[in-house]
Amino acid sequence: MEPTDEALCQRVAGRDEAAFDVLVARYQERAYRLAWSILRNAEDARDLSQEAFVRLYESAGSFGGRAKFSTWFYRILVNLCLDHRRKNRWWQRWARDERGDPSGESLLDRQPAPAADPAETLGREREARSVWAAVDRLGPRQRAAVILRVREELPTAEIAAVLRCSEATVRVHLHRALATLRRTVEKS
């Protein structure tokens with residue numbers, strides 16, 4: 001029987017590198033996809049998903065088991081991504097202003113999608129592009145809520161734990177994001 005993520009995290013707290021390797025193997029692809037979905041930049045997503053694993057290793061002892069391991073780990077990753085977006089907002093505005101791009105899109109926001117992009121799996125590239133463009137325009141917390149719900153299939157309570165907000169706030173984020181996405185799909 002394979003050990004649970006929670007048991008592995010306890011072993012990582014004791015500096016068990018084999019347990020850490022198992023957690024990395026279990027979560028590496030999902031962590032990258034989640035980071036890419038929030039950041040839309042392959043290099044940043046790779047860097048921040050790796051940073052999340054470093055933080056996991058360093059702070060495994062603080063995992064108290066009050067939530068599932070995945071919720072705790074996703075909180076680390078989402079916070080890193082949101083912090084990164086806040087810190088780099090000035091750079092995106094500068095790049096947009098330098099080009100004089102009236103659309104408001106920065107070339108820094110446009111990166112090729114990873115192999116698991118929804119456009120490929122749905123087979124409806126045009127519609128998926130339209131939806132992703134709408135997701136790109138969502139605020140970072142709304143985008144994170146959508147991704148955690150759709151890609152990671154987390155319930156509202158776990159999304160609230162990851163984003164450190166109330167369940168009602170998560171429902172508001174999801175409701176507003178869905179309304180925006182519907183309007184976009186209806187227009188196209």
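**Ground rules.** Residue numbers start from 1 along each chain as its sequence is written, and side-chain values use heavy atoms, with hydrogens and water left out. Since the model is predicted, local features need pLDDT of at least 70 and side-chain atom pairs count only at pLDDT 80 or more, while totals for chains, interfaces and linings use all residues.

**Entry 1: α2 against α3.** I began with helix α2 (residues 17-39) and helix α3 (residues 42-59), whose axes come within 8 Å and cross at roughly 145 degrees. Helices here are DSSP runs (H or I, at least four residues), numbered from the N terminus. The axes are lines fitted to C-alpha atoms over the stretch in contact, with angles from 0 to 180 degrees between N-to-C directions. I noted the crossing of α2 past α3 as right-handed, meaning that the near helix is turned clockwise from the far one by less than a right angle.

Which residues make the contact? On the α2 side I listed, among them, Phe20, Tyr27, Ala31 and Trp36, and on the α3 side, among them, Ala45, Leu48, Ser49, Phe53 and Tyr57. Contact means heavy atoms within 4.5 Å. The residues split into 15 nonpolar, two polar and three charged.

On my scale, buried is under 20% relative accessible area, exposed is over 50% and partly exposed is in between (1.4 Å probe, protein chains only). Glu29 and Ser49 are 20 residues apart in sequence, and their C-alpha atoms are 9.1 Å apart.

**Entry 2: the rings.** I got ten aromatic pairs for the structure. Rings of Phe, Tyr and Trp (its six-membered ring) pair if their centres lie within 6.5 Å; planes under 30 degrees apart are stacked, over 60 edge-to-face and the rest tilted. Why is the pair of Phe69 and Trp72 called tilted? Their planes are at 50 degrees, with the ring centres 6.0 Å apart, so the pair is tilted. Both residues lie in helix α4 (residues 69-99), three residues apart, about one turn of the helix, and both are buried.

Phe73 and Tyr74 make another tilted pair, 6.3 Å centre to centre with 45 degrees between the planes. Phe73 is buried at 0% relative accessibility, and Tyr74 is buried at 2%. Tyr27, Phe53, Phe63, Phe69, Trp72, Phe73 and Tyr74 form one aromatic cluster.

**Entry 3: charges over rings.** The charged end of Arg30 sits over the ring of Tyr27, 4.3 Å from its centre. Arg15 does likewise over Tyr57, at 4.6 Å. The test is NZ of Lys or CZ of Arg within 6 Å of the ring centre and within 35 degrees of the ring normal.

Entry 4: Arg40 has a positive phi of about 60 degrees although it is not a glycine. Arg40 lies in the loop between α2 and α3 and is buried at 5% relative accessibility. Arg164, also not a glycine, has a positive phi of about 55 degrees. Arg164 is in the loop between α8 and α9 (167-187). Is Arg164 buried or exposed? Arg164 is exposed, with a relative accessible area of 61%.

**Entry 5: Glu158.** Leaving aside neighbours within four places in sequence, Glu158 contacts Lys68, Ser70 and Thr71.

Terms used:
Helices (H or I, at least four residues) and strands (E, at least two) are DSSP runs, numbered from the N terminus. Ala, Val, Leu, Ile, Met, Phe, Trp, Tyr, Cys and Pro count as nonpolar, Asp, Glu, Lys and Arg as charged, and the others, Gly among them, as polar.
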